[in-house]
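Q: Please walk me through this structure in short steps. I'm new to this.

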Amino acid sequence: MVTFTSTLPEELLGKLREMAKRLSVPKNKLIEKALEIYLDQLTRAEYIKSYKQAGIDEDIMTMAEEGMEDYLEQLNK
């Protein structure tokens with residue numbers, strides 16, 4: 001583990017303190033889990049954005065369709 005120091009607004013720190021107490025979890029573990037979840041959501045959002053962009057790119061769609069045709073031919077053999 002690495003030590004990380006940061007500042008938080010008092011209101012947010014209060015919410016963190018209350019939730020950690022309610023869940024009987026140390027504040028640092030609650031922050032760690034919340035950050036993991038948030039970073040995972042950001043990664044998923046990036047994937048969604050890239051798929052949406054690919055969906056409007058005619059060249060990408062053509063390649064995908066050709067790839068699906070090849071794949072279906074292989075399944076049928």
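Q: Is Leu-16 buried or exposed?
A: Leu-16 is buried, with a relative accessible area of 12%. Buried means under 20% relative accessible area, exposed means over 50%, and partly exposed is in between (1.4 Å probe, protein chains only).

Q: Where does Leu-16 sit?
A: Leu-16 is in helix 1. Helices here are DSSP runs of H or I with at least four residues, strands are E runs of at least two, and numbering starts at the N terminus.

Q: What kind of model is this, and how are residues numbered?
A: The model is predicted: local features need pLDDT of at least 70, side-chain atom pairs count only at pLDDT 80 or more, and totals for chains, interfaces and linings use all residues. Residues are numbered from 1 along each chain as its sequence is written, and side-chain values use heavy atoms, with hydrogens and water left out.

Q: Back to Leu-16. What separates it from Met-63?
A: Leu-16 and Met-63 are 47 residues apart along the chain, and their C-alpha atoms are separated by 48 Å.

Q: How about Thr-62 and Glu-73?
A: That pair is 11 residues apart along the chain, with 17 Å between the C-alpha atoms. Thr-62 lies in helix 3, residues 58–76. Thr-62 counts as partly exposed, at 38% relative accessibility.

Q: Why use a probe?
A: Rolling a probe the size of a water molecule over the atoms shows where empty space is left.

Q: Which residues lie nearest the centre of the largest pocket?
A: Phe-4, Lys-27, Asn-28, Ile-31 and Glu-32, out of 19 lining residues. Helix 1 (10–23) and helix 2 (27–55) are the elements that give two or more residues to this lining. Helix 2 gives the largest share, eight residues.

Q: What classes of residue make up the lining of the largest pocket?
A: There are 10 nonpolar, four polar and five charged residues. Ala, Val, Leu, Ile, Met, Phe, Trp, Tyr, Cys and Pro count as nonpolar, Asp, Glu, Lys and Arg as charged, and the others, Gly among them, as polar.

Q: Tell me about Lys-27.
A: Lys-27 belongs to helix 2. At 39% relative accessibility, Lys-27 counts as partly exposed. Lys-27 and Leu-13 are 14 residues apart in sequence, and 9.4 Å apart in space, C-alpha to C-alpha.

Q: And what about the loop between helix 1 and helix 2?
A: Ser-24 is found there. Ser-24 is not a glycine, yet has a positive phi of about 55°. Ser-24 is exposed, with a relative accessible area of 65%.

Q: How many salt bridges are there?
A: The count is five. A salt bridge is a side-chain nitrogen of Lys or Arg within 4 Å of a carboxyl oxygen of Asp or Glu.

Q: Which residue does Lys-29 pair with?
A: Lys-29 forms a salt bridge with Glu-32, and the closest N and O atoms are 3.7 Å apart. The two are three residues apart in helix 2, so about one helical turn separates them. Lys-29 is partly exposed, with a relative accessible area of 38%. Glu-32 also counts as partly exposed, at 31%.

Q: Which residue does Glu-36 meet?
A: Lys-33, in a salt bridge with the closest N and O atoms 3.9 Å apart. Glu-36 and Lys-33 are three residues apart in helix 2, so they are about one helical turn apart. Glu-36 counts as partly exposed at 45%, and Lys-33 as partly exposed at 48%.

Q: Last one. Which residues make the nonpolar surface patch of about 380 Å²?
A: Leu-35, Tyr-38, Leu-39 and Leu-42. Patches are made of residues with over 30% relative accessible area and no salt bridge: like charges are joined within 9 Å, nonpolar side chains (Val, Leu, Ile, Met, Phe, Trp, Tyr) within 5 Å. Areas come from the Shrake-Rupley method with a 1.4 Å probe, and for residues only the protein chains shown count as cover. Leu-39 is in helix 2, and is partly exposed, with a relative accessible area of 44%.

Note on methods. On a 1 Å grid over the protein atoms alone, a cavity is a set of points where a 1.4 Å probe fits but cannot get out, and a pocket is an open set with protein on both sides within 12 Å along at least five of seven lines; lining residues have an atom within 4 Å of a point.
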